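Student: Hi! Could you walk me through this structure in plain words?
Tutor: Happy to, let's look at it together.
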Amino acid sequence: MPASPTATPEHIKDVNTRYHDAAADEYDAKWGIDFGDTGQEQVRAKLLKALGGRDGQSFGAGLEIGSGTGYFSLNLLQLGVIESLTATDISAGMLKRLARTAEGLGLEVETARTEAEELPFEDESFDLVFGHAVLHHIPDLEKAFAEFRRVLRPGGAIAFAGEPSRYGDRLAALPKRTGLLVAPAWRRLVRAQPRAIAETEQSEGHSLEGEVDVHAFAPADLRRLLRDAGFEDRHVGGEELLANAWGWGLRTVESSAEPESVSWKWRSFAFRSYLALQKVDSRLLEPHLPAELFYNLLASGRKPS
Ligand SMILES: C[S@@+](CC[C@H](N)C(=O)[O-])C[C@H]1O[C@@H](n2cnc3c(N)ncnc32)[C@H](O)[C@@H]1O
């Protein structure tokens, strides 16, 4: 459920900060975030799709917006797609987690707590400004895109992935509802214990979940934002249909159980089945269906030289 249309930008940013601070420690486990070969391959493929298939590109200084725990940026840094990383987020809790993971991986990163609409960086400081699943949280996207352009060097690129599409957002309700219906039978089947306290009631942060999302996009919205901010070589695409429907169903049933009672065997099956459906999506569906039909939208552009 998106934030109320009457919510002020300050309220939306405050809720996002509190929600993501509270979610930070559980975030990687909840979303199956991986910093090994699988995670790197996922992120490489997403960036490639966002850039419209221009493979083999590498960038100097990278700036991530809404980096969370570092799913996108730490994997890109490990792959050598960016030479250096400045990770930004409105949530100090997320950045703390990112810094700890970076240290464990032996990666050097700069972090800065900031909102996307006002970036504390000099003009023309970065070669790639990027993000994953962040644009839909930002109240004033025109202002944010103007900032992305300002801090990019001429010829630099912008790339965003994992943004909810309007159609996909509506479709996601179906696997969530189905997941709720089948959850008791699923728990019996995999011998998982019912969750003692519902996830949504565990903390003040979790109860804010319904208020953190502000936008779901049509491809035309992202094209307009790129064009109005003055980006060239614009590309907007869609990804994941079957994989995302399955993923929402899985997350819904899993969140009905005590996490430690869900077996490794189930988790491994769930993850492998999700990856298999991702392949079906990217090989069979994404090349042929319009971007609007997919759950996630991706967008990129280039600042004129
Ligand atoms: C859905 S999470 C995605 C995190 C990470 N990019 C990933 O893919 O795992 C969205 C992130 O955006 C951050 N965020 C929300 N509103 C923001 C804003 N106005 N400016 C910057 N970051 C924001 C949140 O704190 C959170 O870490």
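Tutor: Let's begin with a term: two strands pair if DSSP finds at least two bridges between them. Helices (H or I, at least four residues) and strands (E, at least two) are DSSP runs, numbered from the N terminus. This is a predicted model, where local features need pLDDT of at least 70, side-chain atom pairs count only at pLDDT 80 or more, and totals for chains, interfaces and linings use all residues. Residues are numbered from 1 along each chain as its sequence is written.

Student: OK, how many bridges join β5 to β7?
Tutor: Strand β5 (residues 152-164) and strand β7 (residues 296-302) are joined by 6 bridges and run antiparallel. As one example, I158 has G301 in β7 as its bridge partner.

Student: New topic: how do α9 and α10 cross?
Tutor: The axes of helix α9 (residues 242-254) and helix α10 (residues 264-285) come within 7 Å and cross at roughly 160°. That makes α9 roughly antiparallel to α10. The labels work like this: under 35 degrees is roughly parallel, over 145 roughly antiparallel, 65 to 115 roughly perpendicular, and the rest oblique.

Student: Which residues of α9 meet α10?
Tutor: L242, A243, W246, G247 and L250 do, and their partners in α10 include Y274 and L277. Ala, Val, Leu, Ile, Met, Phe, Trp, Tyr, Cys and Pro count as nonpolar, Asp, Glu, Lys and Arg as charged, and the others, Gly among them, as polar.

Student: What about α7 and α9?
Tutor: The axes of helix α7 (residues 173-190) and α9 come within 8 Å and cross at roughly 45°, which makes α7 oblique to α9. Among the contact residues are W186 of α7 and W248 of α9. This contact has 8 nonpolar, 4 polar and 1 charged residues.

Student: Last one: which residues come nearest to the ligand?
Tutor: H20, G66, G68, S91 and H137, out of 22 residues around the ligand. A residue is near a molecule or strand if its C-beta atom, placed from the backbone, lies within 6 Å of it. This shell divides into 9 nonpolar, 10 polar and 3 charged residues.

Student: Which element gives the largest share of that shell?
Tutor: That is α1, with 3 residues. Helix α1 (9-30), α3 (71-79) and β4 (126-132) each supply at least two.

How values were computed: Axes are lines fitted to C-alpha atoms, for helices over the stretch in contact, and angles run from 0 to 180 degrees between N-to-C directions. Two residues are in contact if their C-beta atoms, placed from the backbone, lie within 7 Å.
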